[in-house]
Amino acid sequence: MDWKAKNADIRAKLEEMTIASFIAENQLQLNRLEQKWPPEAKKQGEVKMANRQWLWQQSSLETADPNFRQLKVTVSPQEEPDRVIYSLQTFVGKPDQRDKE
């Protein structure tokens with residue numbers, strides 16, 4: 001493979017990873033805005049970004065502390081749903097009940 005082809009391949013992979021990272025971060029932020037407790041165990045959806053269709057899946061896992069959940073989002077191209085390009089996880093805490101009063 002010549003250097004131009006290799007450079008184009010690397011650039012395409014970086015672009016895919018960057019777009020997938022934006023999608024994963026957006027999904028985690030949307031979940032934070034919902035403030036649903038506990039977060040849904042599994043969610044999935046489709047989104048169009050950069051003229052491509054993407055699939056995302058979110059899972060919510062219990063932790064040792066019942067006031068926290070681990071959220072994980074994976075992103076794949078729609079045409080290759082088994083090829084996870086990006087995965088992002090975070091922890092969310094149970095909303096403070098005093099905030100609702």
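Leu 61 stands opposite Gln 70 in strand 3. The structure is a predicted model, in which local features need pLDDT of at least 70 and side-chain atom pairs count only at pLDDT 80 or more, while totals for chains, interfaces and linings use all residues. Residues are numbered from 1 along each chain as its sequence is written, and side-chain values use heavy atoms, with hydrogens and water left out. Helices (H or I, at least four residues) and strands (E, at least two) are DSSP runs, numbered from the N terminus. Two strands are taken to pair if DSSP finds at least two bridges between them.

Four strands form an open sheet in the order 1-2-3-4, with antiparallel pairing. Its edge strands are strand 1 (42-49) and strand 4 (86-93), each of which pairs on one side only. On average, neighbouring strands of this sheet are turned by 20° against each other, direction ignored. Axes are lines fitted to C-alpha atoms, for helices over the stretch in contact, and angles run from 0 to 180 degrees between N-to-C directions.

Strand 2 and strand 3 pair in the antiparallel sense over nine bridges, and a hairpin joins strand 2 to strand 3 through five residues. Strand 3 also pairs with strand 4 in the antiparallel sense, over eight bridges. In this pairing Phe 68 stands opposite Gly 93 of strand 4, and the bridge partner of Val 75 in strand 4 is Tyr 86. Strands of a sheet pair through backbone hydrogen bonds, either parallel or antiparallel.

Eight of the ten residues of strand 3 are buried, so this strand is largely enclosed by the rest of the structure. Buried means under 20% relative accessible area, exposed over 50%, and partly exposed in between (1.4 Å probe, protein chains only). Helix 1 (residues 3-34) lies across strand 1, strand 2, strand 3 and strand 4, and runs at about 20° to strand 4.

Asn 67 is found in the loop between strand 2 (52-62) and strand 3 (68-77). This residue is partly exposed, with a relative accessible area of 37%. Residues up to four places away in sequence not counted, Asn 67 touches Trp 37, Val 92, Gly 93 and Lys 94; contact means heavy atoms within 4.5 Å. Asn 67 and Val 92 are 25 residues apart along the chain, and their C-alpha atoms are separated by 8.4 Å.
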